[in-house]
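Open the model in a viewer and keep the sequence panel at hand. The stops below go from the whole chain to single residues.

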Amino acid sequence: MAKDGEKSGWKEYIWNPRTREFLGRTASSWGLILLFYLVFYIFLAGLFTLTMYVMLQTLDDHKPTWQDRLSTPGMVIRPKTDETYEIVYNTEKTESWDMYAQALDKFLSPYNNSIQAEKNNECIPDKYFLQEDSGDVKNNPKRSCQFNRTMLGLCAGIDDRYYGYRDGKPCIIIKLNRVIGMLPSKDGNAPFVTCGAKKYKIGQDQWKEDSDKIGELLYFPPNGTFNLMYYPYYGKKAQVNYSQPLVAVQFLNITTNQDVNIECRINADNIPIGSDRDKFAGRVSFKLRINTIN
């Protein structure tokens, strides 16, 4: 009998025909609760929408309000076929260096003179290409300066489509990562790249460098400079055709059949070189090995 009573009690709790209650509440009670939550959630949705609208009014589609990037731009090299910064090949085996030439061809194709002439402007060298907004009037889209592939001289892949790799005189292309609004000089002198031996540890308190293995270097453009006319950078949306300036370094007589550890760095009066914890800030290190023995 107790079980029948419990079963009857559950049935009445779910639906009580005498009081016309469902789950302990009448229709009017359920209606008031649903109406309350409907109004409550509409209010929350409206508050969220208003907050987002007010916040979006403070943002500029073409320029970030806040930047969390480092003030010192990173430096990278090309060719880069994988995650390691090592260029190793054998001059006697075409397949070992042809991938580097192909990677440079692909990387430099947007810098072809015809493409640059179509999309970008001829700018006045050695001065910043400033394109500031005029109050609320946005100067968008902003123009960009031409960086023609031929400016890389012997490393342009035009006169020598193998970029020196076949002859054991490889070219390395260097670029700085983009930083919006960066002006890389205070005194009007263009920043420039220098490459040399990198110190590396061989023992607990012993260090070594490969200065005697690097040999003669050629820089393109002359002196390895990033001309001031390519700065400041205004952002991907504001400056859609922006072409990053490049520097090419050619190693003319590097020691063969040995690992050579190299470091290239930016030299500018207001770009500090990063610490050992951030190895790409203003510098890049890589290993170069040219084998001539099968």
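A contact here means heavy atoms within 4.5 Å. This is a predicted model, in which local features need pLDDT of at least 70 and side-chain atom pairs count only at pLDDT 80 or more, while totals for chains, interfaces and linings use all residues. Residues are numbered from 1 along each chain as its sequence is written, and side-chain values use heavy atoms, with hydrogens and water left out.

**Whole chain**

Colour by secondary structure: the chain has five helices and twelve strands. Helices (H or I, at least four residues) and strands (E, at least two) are DSSP runs, numbered from the N terminus. Among contacts with a separation of 6 or more, 74% join residues 24 or more positions apart. Of the 294 residues, 35% are buried. Buried stands for under 20% relative accessible area, exposed for over 50%, and partly exposed for what lies in between (1.4 Å probe, protein chains only).

**The core**

Select Tyr 165, Ile 174, Val 193, Phe 251, Ile 262, Cys 264 and Phe 286, which have the most contacts inside the largest nonpolar core, a set of 56 residues. Helix 3 (residues 94-108) provides the largest share of this core, six residues. Such a core is a set of buried Ala, Val, Leu, Ile, Met, Phe, Trp, Tyr and Cys residues joined through side-chain atoms within 4.5 Å.

Now centre on Phe 251. Leaving aside residues up to four places away in sequence, Phe 251 touches Gly 168, Lys 169, Pro 170, Ile 172, Ile 214, Glu 216, Leu 217, Ile 262, Phe 286 and Leu 288.

**Pocket and cavities**

Rolling a probe the size of a water molecule over the atoms shows where empty space is left. On a 1 Å grid over the protein atoms alone, a cavity is a set of points where a 1.4 Å probe fits but cannot get out, and a pocket is an open set with protein on both sides within 12 Å along at least five of seven lines; lining residues have an atom within 4 Å of a point. Grid points are joined across faces, edges and corners, and a volume is the space filled by probe spheres set on the points.

Select Pro 110, Arg 178, Asn 241, Tyr 242 and Ser 243: of the 15 residues lining the second largest pocket, these lie nearest its centre. The volume of this second largest pocket is about 260 Å³. Helix 4 (residues 113-119) gives the most to its lining, with three residues.

There are three cavities of 30 Å³ or more. For the largest cavity, of about 80 Å³, select lining residues including Leu 176, Arg 178, Met 182, Phe 226 and Tyr 242. The second largest cavity has a volume of about 50 Å³; among the residues lining it are Phe 129, Cys 145, Met 229, Tyr 242 and Ser 243.

**Loop residues**

Go to the loop between helix 4 and strand 5 (171-176), where Asn 139 is placed. Asn 139 counts as partly exposed because its relative accessibility is 30%. Its C-alpha atom is 8.5 Å from that of Ala 238, 99 residues apart along the chain.

Next, pick Ala 281, in the loop between strand 11 (260-267) and strand 12 (283-291). Is Ala 281 buried or exposed? Its relative accessible area is 3%, so Ala 281 is buried.

**Backbone geometry**

Most residues other than glycine have a negative phi, and most peptide bonds are trans. Check the bond from Arg 78 to Pro 79, which is cis with omega near 10°; Pro 79 lies in the loop between strand 3 (75-78) and strand 4 (86-90). The bond from Phe 220 to Pro 221 is also cis, with omega near -10°, and Pro 221 sits in the loop between strand 9 (217-220) and strand 10 (247-251).

Finish with two positive phi values. Asp 126 has phi near 65° and is exposed, with a relative accessible area of 55%. Tyr 163 has phi near 55° and is buried, at 0%. Asp 126 is in the loop between helix 4 and strand 5, and Tyr 163 lies in that loop too.
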